[in-house]
Each structure stands twice: as structure tokens, then as C-alpha cells.
Amino acid sequence: MAADITESVPVSPWWGWAPPTPGGALSDGTLAVLAEHLGIDAVAARRPGVLDAAPASPPGDADVSSPALTEAEAAALGAAIPTGTVAQDPASRVAHAAGKNTVDLLRQRAGAPLALADAVVRPGARSEIPGVLAACVAHGIAVVPFGGGSSVVGGVAPLAGDHHAVVALDLSGLAQLLELNERDRTATFEAGVRGPEVERKLAERGYTLGHIPQSHQQATLGGYAATRSAGQASTGYGAIAELITAIRIETPTGPLALGGRAPASAAGPDLRHVVIGSEGTLGVITEVTVAVTPKPTAKAYGAWAFPSFEAGAEAIRALVQDGAAGDAPDVCRLSDEEETELTLAQSGGRQVELLRRWLRSRGIETPALLLGVWEGAGSEPKARLKRARRILRAHGGVSATSAPAAAWDRGRFSSPRLRDELLTIGVLVDTLETAATWTRLADTHTAVAAAIRGALESSPQGAVASAVQGHVSHVYRTGASLYYTFIAKAEDDPIAQYERVKHAANAAILAAGATITHHHAVGTEHAAELPAEIGEQGVRILRAVKRELDPTGIMNPGKLI
């Protein structure tokens with residue numbers, strides 16, 4: 001059974017991605033991989049660590065600095081939201097102090113977040129947001145729009161910039177479906193609606209958005225738009241920028257309502273794309289209109305092994321460039337040799353051993369595994385799978401049955417929870433991503449993986465075993481994404497260890513001519529590299545737009561630009 005994309009989960013705790021799994025989330029297969037590939041005895045490593053030592057609730061008043069807001073400023077914010085709340089208690093402030101990248105969580109667990117919001121402002125209606133922004137302009141208070149808090153690039157860190165205080169503007173109260181136009185097949189939502197609720201409300205009428213990133217169960221539609229995200233099925237449904245037909249944003253200088261007039265327009269540059277990906281630096285996204293499609297009623301799964309990552313990438317290129325429309329799977333994931341090996345080792349069992357024997361008999365010793373999921377109605381997914389199979393086989397793909405793809409579909413949201421448990425036992429694990437053209441894909445894959453591995457091995461504490469695995473997960477006619485996961489025993493200073501890896505990876509990405517971010521956005525982590533991608537003049541254009549919409553600079557300081 002596939003994962004339920006309408007299943008609502010608890011809001012993530014302040015110290016991690018999800019509530020702890022009873023008994024720990026590490027399977028026997030994971031324990032074996034840690035021991036055999038990384039030399040980590042997870043049982044022995046289970047000590048009173050950062051997660052075990054974390055209190056059941058965030059730090060209290062004695063452990064948290066006093067908010068910088070004056071009583072008059074807090075009162076002005078309260079007056080702006082008669083149906084909302086202004087919270088300054090430690091629990092609320094700590095819960096809005098960070099996103100979900102590894103450095104965020106390490107700081108949170110150590111009781112040393114990068115910064116704290118001075119208040120959490122929760123409007124009860126969209127109409128209250130202009131008043132909040134006006135109060136913040138009048139009193140010199142920075143504003144950080146906060147959706148699901150799932151940023152992995154520092155995008156929701158409550159930085160005050162040149163202002164004396166900063167508030168987190170929590171949009172969780174704005175989660176209504178405002179309109180579903182079945183004739184146009186569009187749906188308009190308030191921006192604070194979380195991913196599962198989007199899908200639940202659409203499913204009730206027989207539709208889906210189809211935008212399902214791994215953060216889906218925590219993230220919000222406004223966050224999807226603000227970060228220009230791509231879902232796991234973007235090859236079939238499109239990334240969020242392709243799905244948004246209209247968007248409304250409240251800025252400190254007034255509202256902007258963009259798009260929605262017609263299916264296409266030549267009326268100058270498309271200003272929707274100034275807002276999509278703006279990361280809260282221009283204003284607060286309040287409404288998003290998206291294209292929807294009929295909810296799929298059938299799925300088909302397929303998996304193929306290739307003798308190398310490069311061979312698998314060539315097969316995908318042929319599929320998207322030479323195949324018929326729809327041949328490519330909606331979910332298309334090609335793991336490199338190391339990720340494939342670790343996945344098979346973690347799964348274990350008789351079926352995996354039979355698969356290994358089968359592939360060896362076909363001359364494949366170190367496979368790169370391609371997973372595909374086709375969605376649709378009736379027999380359509382199977383027909384598309386059948387057409388794709390011919391192309392993949394013609395390029396050396398060997399069938400690995402449908403089981404690996406079906407297993408991925410069942411566990412598609414589990415990885416962040418696994419990371420929480422690995423951090424608990426002193427294992428550093430995180431991800432980063434890029435994208436490159438087909439011409440540069442293989443070289444970029446090799447260079448970035450080598451840079452990450454080199455940074456991990458240059459530990460000041462001596463040689464360290466590591467795993468650096470990668471995969472393609474978003475495919476285009478002209479190229480594909482590259483997504484890396486790196487794992488190693490945490491050093492005494494894991495934040496320095498992480499930053500060493502990130503610096504090396506960014507340098508390799510820029511040297512390869514690839515993008516600094518494919519779907520994780522810019523935030524604080526990639527801001528220094530943005531000029532290398534869009535040029536200094538491009539940065540000046542963004543700054544000019546910000547000056548027009550946010551002349552006092554209150555919106556999400558320190559991010560993007």
C-alpha cells in the first residue's frame with residue numbers, strides 16, 4: 001500500500017522532525033549498515049545524547065533571553081490581529097527559532113539556536129496581515145513568514161537584520177480552500193494550508209495537486225511557492241512554479257495579485273515568478289491558485305538495474321527526449337551505485353539476495369537502480385510503463401521487479417525521521433542538491449560526490465568512514481537533478497564538520513557550472529553563492545524589487561539577497 005498523502009501528522013517538535021519512534025527508528029538493516037559500512041555500533045553509541053537529554057518541553061524563562069519587544073510594540077501587534085494571538089512564551093519562540101536542516105537541529109538540541117523570535121504572531125484572517133506589516137514598519141520590527149518550518153537552508157531563521165526585534169509570522173491559521181473551479185481545474189487556497197490538507201480537500205472532490213515533496217506532511221502551500229519547490233512526482237505533474245496559475249502577496253507597500261486572468265499572457269515579464277521563490281523577502285504570500293488534475297485511481301511500478309549510474313542516466317535521457325508524451329514515470333529516481341548498495345544492504349533478506357544473483361548473472365556487479373511510479377486511471381499507468389520498459393531495456397536496463405518502487409512509495413516520508421534517530425547516536429547525516437544539463441550531469445555527479453567525501457575525510461580528528469550517496473529525482477528534457485545524502489560519525493564539533501562539507505560541495509557545484517539549489521531554495525546557506533549563478537546585475541535587480549516592495553527592509557532579513 002502506498003503512503004497516504006492525505007494523512008495529517010503532528011506539528012514537528014522543536015528539537016527535530018517528528019516525535020520519537022517508540023523503541024527507536026533504526027531497523028536491523030540500518031544497524032547492520034552502520035556497523036559494516038561506517039564502523040558505528042549504534043547500540044553502544046546509544047548514550048544520553050542530544051535527543052535523549054532533551055526535555056519534554058522547550059527551555060523555560062530562565063534559559064531563554066527576554067524578548068526585545070516593548071509593551072507598546074506587543075500591544076500594536078495585538079491590535080492588528082483581533083482574531084489572532086501574539087505569543088512571547090519560551091515554548092512558542094523556541095518552536096519558531098529554526099527550520100529542519102542538521103545545523104538547525106544541532107543548535108536547537110544544544111540549547112543554542114542561531115536566533116529567537118521576539119514574538120510569534122498568529123493572524124486569524126488574511127485581512128489582518130496588512131495591519132501586522134504596518135505595525136512592524138512603524139516600530140522597526142523584522143518579519144519572518146513561517147509556514148511548516150521545514151526549510152533546510154536557514155530560510156526561517158528569525159534574523160533581525162538592521163532592526164531591533166524580529167517576529168515570526170505564523171500562517172498556520174490561514175488554511176482554507178477558498179475556491180475549487182472544476183471547469184478550469186484550478187483551486188485557490190490560503191497559504192498556510194499544509195500538504196496533507198491540500199490533498200485531502202482536493203480528494204474530496206476527486207482531484208490532486210500532485211506536488212508531494214518529502215516535506216509534504218509538514219510543509220505548507222505558501223512555503224512551496226516561496227521556495228520554488230519540486231515534489232517527488234515533478235517529472236509527471238510539474239514543479240510548483242509550473243502549477244501556480246495565480247498568487248497574492250501582501251507587501252509593506254501594498255498587495256500584489258498576480259496571474260489568473262488568462263491561461264497565458266504576453267503582457268510583459270511574468271511577475272508571478274518574482275514572487276515564486278522570493279522566500280518571504282518581498283512580502284507575505286497569502287493566497288495561491290494552482291492547477292489540479294483528477295485524482296489517480298491506479299498506479300504501476302517498475303524498477304531496473306543498470307551497470308552504472310551514467311548508463312542509467314543515459315536511459316532516462318532517451319526516455320524523456322525520444323519517448324512519447326507520458327512515457328516517463330511521474331516519479332523517476334535513479335540511485336547511484338553507492339546509494340543502491342546501501343539500500344539493498346539495509347533491506348537485506350532472501351529477496352535481495354535473489355536480486356543480486358539475478359543481476360550478477362546478467363553481468364551487473366555494482367548496479368545503479370532506477371525506480372519508476374506511473375499514476376493515472378484505469379489501464380493507462382500500465383500502458384505507459386510498457387512503453388517505457390522498451391526504451392529502458394534497449395539502453396541496458398535489467399528488470400528488478402516492481403517491488404523496490406512499491407517499497408519506496410510506502411516509505412516515502414520516513415527519511416527525516418531516520419535522521420532524527422541517527423543524530424541521537426552521534427551520526428552526522430544531511431542532504432544537499434543541485435541540477436545539471438545532460439551534458440554535464442555525469443561529471444557534476446562525480447565531482448560533487450568527491451568533494452563531499454574529501455571534506456568528510458579531512459577530519460581534524462583523523463580518518464573517518466563515510467557514505468556519500470546520490471540519486472536523480474527530477475527529470476527534464478535538458479537535464480536532471482542530483483540529490484546527495486552524506487553520512488559519517490559526528491566529530492566533536494559537528495557544525496564545523498557540516499560547514500566544511502557544505503563549502504566543499506558548493507565550490508564543486510559552481511565549478512561544474514550547475515545550480516546551487518534545485519528545490520531547497522537559497523535561505524542563508526546559499527545566499528553567498530547566488531551572485532555566481534545570476535550575476536551581480538541579477539542581484540541588483542532583486543534588490544531593486546525589494547526596495548520597491550519593502551523599502552524599510554523588514555521582510556525576512558538575511559535570506560536570498
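Strand β14 (residues 368–376) is mostly covered, with 9 of its 9 residues buried; buried here means under 20% relative accessible area, exposed means over 50%, and partly exposed is in between (1.4 Å probe, protein chains only). Helices and strands are DSSP runs numbered from the N terminus (H or I, at least four residues, for helices; E, at least two, for strands). In a regular strand the side chains alternate between the two faces of the sheet. Both faces of β14 are covered: one side holds A368, L370, G372, W374 and G376, the other L369, L371, V373 and E375, and all of these are buried.

Who sits beside this strand? Strand β12 (residues 298–306) pairs with β14 in the antiparallel sense over 9 bridges, and two strands count as paired if DSSP finds at least two bridges between them. Within that pairing, A303 stands opposite L371. Strand β13 (residues 331–335) is also antiparallel to β14, with 4 bridges, and here L334 faces L370.

## Where the model comes from

This is a predicted model, in which local features need pLDDT of at least 70 and side-chain atom pairs count only at pLDDT 80 or more, while totals for chains, interfaces and linings use all residues. Residues are numbered from 1 along each chain as its sequence is written, and side-chain values use heavy atoms, with hydrogens and water left out.

## The chain as a whole

Zooming out, the chain has 20 helices and 18 strands. Its radius of gyration is 23 Å, close to the 24 Å that the globule rule gives for 561 residues, so the chain is as compact as a globular protein of that length. For the record, that radius is taken over C-alpha atoms, and the rule is 2.2 Å times the number of residues to the power 0.38. The C-alpha trace spans about 75 × 60 × 45 Å along its principal axes.

Buried residues make up 54% of the 561 in the chain. Of the contacts with a separation of 6 or more, 78% are between residues 24 or more positions apart; a contact means heavy atoms within 4.5 Å. The chain exposes about 22,900 Å², and carbon and sulfur atoms supply 53% of that (Shrake-Rupley areas with a 1.4 Å probe; for residues, only the protein chains shown count as cover). On the charge side, there are 49 positive and 59 negative side chains, and the centres of the two sets lie 7 Å apart. Lys and Arg count as positive and Asp and Glu as negative, with His and the chain ends not counted; each charge is placed at NZ of Lys, CZ of Arg, CG of Asp or CD of Glu.

## Strand β10 and its neighbours

Strand β10 (residues 284–291) has 6 of its 8 residues buried, so it is largely enclosed by the rest of the structure. Strand β6 (residues 186–190) pairs with β10 in the antiparallel sense over 5 bridges, with F189 opposite V288. Strand β8 (residues 244–251) and β10 also run antiparallel, joined by 6 bridges, and V284 in β10 is the bridge partner of E250.

The buried residues of helix α7 (residues 195–203) are G195, P196, V198, E199, K201 and L202. They pack against β5 (177–181), β6, β7 and α8.

H216 sits in the loop between β7 (207–208) and α8 (221–227). At 1% relative accessibility, H216 counts as buried. Its contacts, leaving aside neighbours within four places in sequence, are I5, G195, P196, E199, H211, Y224 and F413.

## A449 in helix α18

A449 lies in helix α18 (residues 438–457) and counts as buried at 12% relative accessibility. Not counting residues up to four places away in sequence, A449 touches V468 and Y484. The C-alpha atoms of A449 and A505 are separated by 7.8 Å, although these residues are 56 apart along the chain.

## Two positive phi values

Which residues other than glycine have a positive phi? One is R228, with phi near 55°. R228 is in the loop between α8 and α9 (234–237), and at 37% relative accessibility R228 counts as partly exposed.

Another is N556, with a positive phi of about 45° although it is not a glycine. N556 is in the segment after α20 (530–549) and is buried, at 2% relative accessibility.
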